[in-house]
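Subject: Structure handed over, with findings

Dear colleague,

Please find below the structure that I am handing over to you.

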Amino acid sequence: MTPFIHDFMVDLRRGSAIQRGRRTLSQGDALADQIVVRIADGGKQIDLTGIGVSAKVIRGDGRTVPVVGTTEGNAAIVVLDADCYAVPGEIRVSVAISAGETVQTVLVLLLNVDTSETDIVVDNGEIGDLSALLGAIAEL
């Protein structure tokens, strides 16, 4: 399954970018969104081989979720894990690249996690009991 891709271009000569996401995330998702930051320097693409990628995701409850990313060519890539979607509200994703002792935030992305469920599930006869519900989820 391919995650939704949020694609951004950042030129180091212009500084880090702050962006608002174009789509809403859903509470309870996992590995459903990939953030791709293409890095250039003065318009020229930079090869990020050997560069570290990480992100800090601040959730709506104020807790920070650390995420480790990867590189591919000139792209720094981060995939949001389940903890990033756990709490409804705005999240702030700060993507950074690193080499040696240098750490540089290249993108701050503001996204919203929408509530997709409540604490009370109505038994409408479609799923049945909890074990049937868990079995249906496992089949997905």
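This is a predicted model: local features need pLDDT of at least 70, side-chain atom pairs count only at pLDDT 80 or more; totals for chains, interfaces and linings use all residues.

Strand pairing

Strand S9 covers residues 75-79, and four of its five residues are buried, so the strand is largely enclosed by the rest of the structure. Strand S4 runs antiparallel to S9, and five bridges join the two. Within this pairing, Val 37 has Ala 76 of S9 as its bridge partner. Strand S8 (residues 70-72) is also antiparallel to S9, through three bridges; here Thr 70 stands opposite Ile 77. S8 and S9 form a hairpin with two residues between the strands, in which Gly 73 adopts a positive phi near 65°.

Gln 34 belongs to strand S4, which spans residues 33-41. Its relative accessible area is 17%, and because buried means under 20%, Gln 34 counts as buried. Apart from neighbours within four places in sequence, Gln 34 touches Pro 3, Phe 4, Ile 5 and His 6, and also Ile 77, Val 78 and Val 79.

Salt bridges

Arg 13 and Asp 41 are joined by their side chains, at 2.7 Å from N to O. This pair links distant parts of the chain, 28 residues apart: Arg 13 lies in the loop between strands S1 and S2, and Asp 41 in strand S4. Arg 13 is exposed, at 65% relative accessibility, whereas Asp 41 is partly exposed, at 30%.

Arg 23 pairs with Asp 33, with 3.2 Å between the closest N and O atoms. Ten residues separate the two, Arg 23 being in the loop between S2 and S3 and Asp 33 in strand S4. Asp 33 is buried, at 0% relative accessibility, while Arg 23 is partly exposed, with a relative accessible area of 26%. Arg 23 also lies over the face of Phe 4, at 3.7 Å from the ring centre. As for pairs between aromatic rings, the structure holds zero.

Arg 59 and Asp 61 form a further salt bridge, at 2.7 Å from N to O. Arg 59 is buried, at 12% relative accessibility, and Asp 61 is partly exposed, at 38%.

Yours sincerely,

A colleague

Definitions and conventions:
Residues are numbered from 1 along each chain as its sequence is written. Side-chain values use heavy atoms; hydrogens and water are left out. Rings of Phe, Tyr and Trp (its six-membered ring) pair if their centres lie within 6.5 Å; planes under 30 degrees apart count as stacked, over 60 as edge-to-face and the rest as tilted. A charge sits over a ring if NZ of Lys or CZ of Arg is within 6 Å of the ring centre and within 35 degrees of the ring normal. Buried means under 20% relative accessible area, exposed over 50%, partly exposed in between (1.4 Å probe, protein chains only). Contact means heavy atoms within 4.5 Å. Two strands pair if DSSP finds at least two bridges between them. A salt bridge is a side-chain nitrogen of Lys or Arg within 4 Å of a carboxyl oxygen of Asp or Glu.
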